[in-house]
Amino acid sequence: MDSYQKLRPWTDIERCNCENVHGLFLIDLLTSNPINCSNCRCEVDPEQLELTSDETEKIARWYSAESALYKLWLDSGEYETYAKTCLIDPLGQVNIDGRAIAKELSKRIPTQLWLFHDTDDGEPENCPICNEPLNLDVKWGTGECRECYIHI
Ligand SMILES: [Zn+2]
Ligand SMILES: [Zn+2]
């Protein structure tokens with residue numbers, strides 16, 4: 001990754017201004033809130049979505065583990081490989097927990113976990129969870145698998 005990329009998220013924090021939020025991504029953009037609108041990819045306040053405190057709590061717990069790993073990976077030091085192994089493992093805890101939250105929230109509003117992907121590894125074509133081809137007709141990122149509640 002280039003050095004611009006590392007600073008970009010901090011200067012890029014914006015709130016969603018869409019009239020209605022029709023979908024969500026759980027995504028680590030190095031902000032304090034991983035809940036983002038699937039249309040504009042800006043942050044959505046959990047209160048605006050009327051998430052319960054239990055749901056918000058679960059998201060915060062998942063995000064603190066995920067963002068710790070993500071930062072270790074960005075740091076490119078001794079823990080980089082370890083962090084990446086955890087982040088790309090479809091059956092790793094961050095991905096299991098993240099998908100469970102996405103599935104739960106999807107009962108009310110379609111939610112996808114934005115999976116970690118290292119651009120050095122090329123473009124993914126298949127869902128890392130179920131191995132079916134990704135739906136590439138997406139506005140953001142590379143593709144999605146609705147069955148698995150993931151975006152990549
Ligand atoms: Zn929006
Ligand atoms: Zn899938």
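A: C37 is buried, at 1% relative accessible area. Buried means under 20%, exposed over 50%, partly exposed in between, with a 1.4 Å probe and protein chains only.

Q: What kind of model is this, and how are residues numbered?
A: The model is predicted: local features need pLDDT of at least 70, side-chain atom pairs count only at pLDDT 80 or more, and totals for chains, interfaces and linings use all residues. Residues are numbered from 1 along each chain as its sequence is written, chains are lettered from A and ligands numbered from 1 in the order written, and side-chain values use heavy atoms, without hydrogens and water.

Q: OK, back to C37. Which atoms are the protein donors of the zinc ion (ligand 1)?
A: C16 (SG), C18 (SG), C37 (SG) and C40 (SG), lying 2.3 to 2.4 Å from the zinc ion (ligand 1). Donors are N, O and S atoms within 2.8 Å of the metal (3.2 Å for Na, K and Ca). Water is not among the atoms, so sites may look incomplete.

Q: What is the arrangement of those four donor atoms?
A: Tetrahedral, because the angles run from 106 to 115°. The cut-off for that label is all angles between 85 and 135 degrees. Ideal tetrahedral angles at a metal are 109.5 degrees.

Q: How are the donor residues spaced in sequence?
A: As C-x1-C-x18-C-x2-C. C18 sits in the loop between α1 (3–11) and β1 (24–26), and C37 in strand β2 (residues 35–37), so this pair ties together parts 19 residues apart in sequence. Helices (H or I, at least four residues) and strands (E, at least two) are DSSP runs, numbered from the N terminus.

Q: And how does C18 count for accessibility?
A: Partly exposed, at 21%.

Q: Now the other metal. What coordinates the zinc ion (ligand 2)?
A: C127 (SG), C130 (SG), C145 (SG) and C148 (SG), at 2.3 Å. The donor angles are 107 to 114°, which makes the zinc ion (ligand 2) site tetrahedral. The spacing is C-x2-C-x14-C-x2-C.

Q: Which parts does the pair C130 and C145 tie together?
A: C130 lies in the loop between β3 (111–114) and β4 (144–145), and C145 in strand β4, so the pair links parts 15 residues apart in sequence. C130 is partly exposed at 32% relative accessibility. C145 is buried at 7%.

Q: Switching to helices. Which residues of α3 are buried?
A: In helix α3 (residues 80–88), A83, K84 and L87 are buried. They fall within an arc of 100° seen down the axis, so they line one face of the helix. That arc is taken from the directions between the helix axis and the C-beta atoms.

Q: What do they pack against, and what is on the face turned away?
A: The buried residues pack against α2 (53–74) and α4 (93–105). The face turned away carries the exposed T81 and Y82.

Q: Zooming out, how many helices and strands?
A: Four helices and five strands. From the N terminus on, they run α-β-β-α-α-α-β-β-β.

Q: How much of the protein is buried?
A: Of the 152 residues, 40% count as buried. The C-alpha trace spans about 40 × 35 × 25 Å along its principal axes.

Technical notes. Four donors count as tetrahedral if all angles lie between 85 and 135 degrees; four count as square planar and six as octahedral if opposite donors are over 155 degrees apart and all others between 65 and 115; anything else is irregular. Contact means heavy atoms within 4.5 Å.
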